[in-house]
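User: I would like to learn how to read the features of a protein model, one at a time. Please give me the general idea in each case and then show me the example.

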Amino acid sequence: SHRWESTSTDDDGRIGCAKQFFPQNTKQSLRRVLLLQSAAAKEDGHLDIVSMAGLQAGGLSIHNGRTWHGSPPNSSKTRPRRGLGLHFIPAQAKFTTEARKSKLWKQYVDNIDDPSTVTLLETDFPLVWSPD
């Protein structure tokens with residue numbers, strides 16, 4: 001999924017932006033499933049769709065960050081949805097010019113000629129494991 005072509009003009013610079021895959025109505029949802037199947041077919045022809053319908057409030061989903069995932073809008077009128085995301089990247093990861101399009105990454109690369117030269121700050125990107 002990380003290599004799928006983005007067909008959305010309303011994305012944030014990521015390949016296959018998540019905004020493409022989580023529409024609000026059933027008709028759009030069916031179109032998105034077809035888009036996912038088409039994208040998967042271009043790779044290895046295999047697509048697993050796993051339902052998280054049984055996940056209760058307070059539940060937990062753990063998955064590879066390159067897995068398309070999402071949830072419907074919060075249906076509670078009195079309780080906000082809380083979320084916690086932990087993202088692990090290789091220590092040698094570098095920004096690309098595409099990071100300028102992202103609300104999340106733009107702050108690190110704005111006004112930098114070559115984003116790949118940006119050093120990831122330990123305060124924002126702590127090293128959690130090293131083979132040394």
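User: Leaving aside its neighbours within four places in sequence, which residues is Phe-95 in contact with?

Analyst: A contact here means heavy atoms within 4.5 Å. Once the neighbours within four places in sequence are set aside, Phe-95 is in contact with Trp-105, Tyr-108, Val-109 and Pro-115, and also with Ser-116, Val-118, Leu-120 and Phe-125. Please keep in mind that this is a predicted model, in which local features need pLDDT of at least 70 and side-chain atom pairs count only at pLDDT 80 or more, while totals for chains, interfaces and linings use all residues. Residues are numbered from 1 along each chain as its sequence is written, and side-chain values use heavy atoms, with hydrogens and water left out.

User: Which residues make up the largest nonpolar core?

Analyst: A nonpolar core is a set of buried Ala, Val, Leu, Ile, Met, Phe, Trp, Tyr and Cys residues joined through side-chain atoms within 4.5 Å, where buried means under 20% relative accessible area, exposed means over 50%, and partly exposed lies in between, with a 1.4 Å probe and protein chains only. The largest such core in this model has 5 residues, namely Phe-95, Ala-99, Val-109, Val-118 and Phe-125. For the chain as a whole, 14% of its 132 residues count as buried.

User: How many helices and strands does the chain have?

Analyst: Helices (H or I, at least four residues) and strands (E, at least two) are DSSP runs, numbered from the N terminus. By that reading the chain has 2 helices and 0 strands. The loop between helix 1 (26-43) and helix 2 holds Ser-102, and Pro-90 and Glu-98 lie in that loop too. As for contacts with a separation of 6 or more, 35% of them in this chain are between residues 24 or more positions apart.

User: Is Ser-102 buried or exposed, and what does its side chain reach?

Analyst: Ser-102 is buried, because its relative accessible area is 6%. Its side chain reaches the backbone nitrogen of Leu-104 at 3.1 Å.

User: Which residue forms a salt bridge with Glu-98?

Analyst: A salt bridge is a side-chain nitrogen of Lys or Arg within 4 Å of a carboxyl oxygen of Asp or Glu. The partner of Glu-98 is Lys-101, with the closest N and O atoms 3.1 Å apart, and a search of the whole structure finds 1 salt bridge. Glu-98 counts as partly exposed because its relative accessible area is 35%. Glu-98 also lies 9.1 Å from Pro-115, C-alpha to C-alpha, although the two are 17 residues apart in sequence.

User: Which residues make the nonpolar surface patch?

Analyst: Patches are made of residues with over 30% relative accessible area and no salt bridge, like charges being joined within 9 Å and nonpolar side chains (Val, Leu, Ile, Met, Phe, Trp, Tyr) within 5 Å. Here Leu-84, Leu-86, Phe-88, Val-128 and Trp-129 make a nonpolar patch of about 720 Å². Val-128 sits in the segment after helix 2 (106-109) and is classed as exposed because its relative accessible area is 59%.

User: What is the phi of Asn-111?

Analyst: Most residues other than glycine have a negative phi. Asn-111, although not a glycine, has a positive phi of about 65 degrees. This residue is found in the segment after helix 2, and Asn-111 is exposed, since its relative accessible area is 78%.

Notes. Accessible areas come from the Shrake-Rupley method with a 1.4 Å probe; for residues, only the protein chains shown count as cover. A polar contact is a pair of N or O atoms within 3.5 Å; within protein, one must be able to donate a hydrogen and the other to accept it, and residues adjacent in sequence count only if both atoms are side-chain atoms.
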